[in-house]
Amino acid sequence: MSDAWEEIQAIKSKRNSLREKLQKRKKERQDILNLSSGSEATKIEAPAPPSIPKPSRFVLCEDDDDTQENAKPDTEVECALLEALSEVSPNLPVSSANVGSLVSKKLMKNVSHEVVLNLLQKFVAQQLISVQEGVHGGQKTLDIISAEHVKLQVMIHEVKRDNISSNVDRELKRKSCEIEVIDENTSKIPKVAEKDEKKREKKPTDIMSLLSMPSIREKETKKVGEEILDLLSKPTAKERSLAERFRSNGAQVMEFCPHGTRAECSRENRGTACGKLHFKKIIQKHTDESLGDCSFLNTCFHMDSCKYVHYEVDGTAVPAIKTKSLTEERKILSDKTILYPPQWIQCDLRYLDMTVLGKFAVIMADPPWDIHMELPYGTMSDDEMRQLGVPALQDDGIIFLWVTGRAMELGRECLQLWGYERVDELIWVKTNQLQRIIRTGRTGHWLNHGKEHCLVGKKGNISDLNRGLDCDVIVAEVRATSHKPDEIYGIIERLSPGTRKIELFGRPHNVQPNWITLGNQVDGVRLVDPQLIASFTERYPQADAVLTRPPPQPPN
């Protein structure tokens with residue numbers, strides 16, 4: 001508060017000094033106006049129409065302009081002399097008389113030799129040239145024996161710039177003088193009153209602005225708060241260790257060229273070599289290139305007869321991603337974690353006894369929802385989905401449930417019936433073979449679907465998840481029907497590493513290490529976990545029993 005008070009006192013003292021200067025200036029102006037009006041009255045012999053007198057202050061402005069106009073040739077002569085010295089510098093030594101005649105020709109007027117000598121001596125003091133005295137035609141001269149060409153050029157630019165700025169200042173001053181004299185004679189008193197009124201209005205505004213300024217204590221408090229927020233926003237040692245643990249080692253894929261084919265890329269880049277991945281057209285006997293590209297590209301069901309253009313990868317295929325072996329995975333997990341190779345059970349999930357499988361930390365399901373469309377696989381009714389034995393698979397954990405179309409609302413209902421709380425959602429944005437957004441999806445009653453949703457549900461108490469590592473959007477290429485992107489497995493593994501995971505309604509391409517896949521399209525039964533083998537064999541002595549509907553129990 002003391003700083004604000006000192007600033008207020010400083011403004012008050014400054015205001016008082018300005019007020020005194022203003023009063024003094026007003027008095028001087030009034031005296032000038034009186035003198036000018038008196039001199040005008042003595043000169044007038046006959047009555048004349050009233051006019052605004054031209055005070056002496058206006059004349060002073062013109063006198064100043066005339067003085068500056070008289071000084072202007074000196075600047076022009078100096079600039080012309082510098083240019084002349086720059087021109088004759090290769091032909092030194094040269095006499096001052098010759099340089100003076102050259103300057104006179106440039107300015108097209110006579111320049112006295114005395115002015116040239118004075119300017120040359122000035123340049124000698126500025127170390128632009130070196131001279132020696134001489135006599136030419138009985139007149140004292142100076143012979144220029146050397147010159148600094150670079151310095152001369154710099155000096156020429158500076159003189160020209162100063163000349164331009166002085167002209168601008170002089171013009172502005174002249175106009176301001178004219179405006180002030182006219183204003184004084186027409187509205188002198190109202191203007192002074194208006195200024196005083198503005199000052200009175202500005203006074204409380206200045207005081208309020210000073211009072212609203214933060215004090216030193218408030219500034220320090222704000223600074224400390226910003227430092228605390230900065231510390232809180234920085235990742236902890238645990239978070240940095242977690243991010244480093246799941247960091248990918250180098251590029252594992254090749255980037256697609258935005259031009260598509262190699263020929264188009266070469267035409268756009270004018271023959272420059274491109275190291276990205278390209279495509280080439282598949283031209284068959286029935287292909288009509290004028291029809292353009294097929295909407296479904298490599299997912300077309302009738303590629304053998306489709307007349308549209310299809311594509312395949314040109315040259316080297318994308319290198320396979322080097323996945324970590326089970327031995328390498330154990331190195332980053334605790335010693336108590338046991339990882340198994342892929343396991344699967346071919347079964348009908350409507351009739352499988354889920355209790356024999358044990359408990360899992362993560363469940364992922366891609367159900368065959370009945371979306372009231374023709375699909376290349378069998379579907380399940382809404383009631384059958386509601387009655388699945390999912391609750392038996394988990395006490396504490398998360399579930400990833402793929403939904404689409406009308407199943408989005410049904411999926412939320414199923415999560416609630418199975419005992420889950422929906423906490424998040426993943427979105428898969430679909431791209432075609434050429435890595436472009438799909439605009440002609442095969443699903444959708446009203447709009448063509450170019451994306452799918454995966455609901456994330458939580459059950460029980462979960463405390464060992466790695467939160468905040470991944471994004472909730474997956475941009476990936478569409479493959480076979482209902483083939484979900486492989487990126488989902490990496491997201492789940494980073495979220496819950498080394499835990500038991502199960503996938504419902506899986507197919508052969510879904511089998512993953514440390515996952516158990518259930519579905520009617522996988523090949524037989526493959527189990528590795530000894531405990532799971534024992535419980536499953538006890539419940540199903542014959543593996544074929546899980547593939548069919550259980551026989552009805554005889555009546556008691």
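1. Helix H11, buried side. In this predicted model, helix H11 spans residues 407–417, and its buried residues are Ala407, Leu410, Gly411, Cys414 and Leu415. These residues lie on the same side of H11, because the arc they cover around the axis is only 145 degrees.

2. Helix H11, other side and surroundings. Glu409 and Gln416 are exposed, on the other side of H11. The cover over the buried residues of H11 includes helix H10 (382–386) together with strand E9 (397–403), strand E10 (421–431) and strand E11 (451–459). After H11 comes Gly419, which has a positive phi, near 95 degrees.

3. The sheet of nine strands. This sheet is open, its pairing is mixed, and its strands follow the order E12-E10-E11-E9-E8-E13-E14-E7-E15. Its edges are formed by strand E12 (473–477) and strand E15 (525–526), each of which pairs on one side only. H11 packs on this sheet and touches E9, E10 and E11. The direction of H11 makes about 160 degrees with that of E9. Helix H12 (residues 487–495) also packs on the sheet, where it touches E8, E9, E10, E12, strand E13 (501–504) and strand E14 (515–519). Between the directions of H12 and E9 the angle is about 165 degrees.

4. Strand E8 (residues 362–365) is parallel to E9, with four bridges between them; Met364 has Phe400 of E9 as its bridge partner. E10 pairs with E11 in the antiparallel sense over eight bridges, and Leu426 is placed opposite Cys454 of E11. E10 also pairs with E12, here in the parallel sense and through five bridges. The bridge partner of Thr431 in E12 is Glu477.

5. His453. Is this residue of the model buried or exposed? His453 belongs to strand E11 and counts as buried because its relative accessibility is 9%, where the cut-off for buried is under 20%. When neighbours within four places in sequence are set aside, the residues in contact with His453 are Leu401, Trp402, Val403, Met408, Glu425, Leu426 and Ile427.

6. Strand E5 (residues 277–282) and E6 run antiparallel and are joined by five bridges. Within this pair, Phe279 has Val313 of E6 as its bridge partner.

How values were computed. Residues are numbered from 1 along each chain as its sequence is written. This is a predicted model: local features need pLDDT of at least 70, side-chain atom pairs count only at pLDDT 80 or more; totals for chains, interfaces and linings use all residues. Side-chain values use heavy atoms; hydrogens and water are left out. Buried means under 20% relative accessible area, exposed over 50%, partly exposed in between (1.4 Å probe, protein chains only). Helices (H or I, at least four residues) and strands (E, at least two) are DSSP runs, numbered from the N terminus. The arc is that of the directions from the helix axis to the C-beta atoms. Contact means heavy atoms within 4.5 Å. Two strands pair if DSSP finds at least two bridges between them. Axes are lines fitted to C-alpha atoms, for helices over the stretch in contact, and angles run from 0 to 180 degrees between N-to-C directions.
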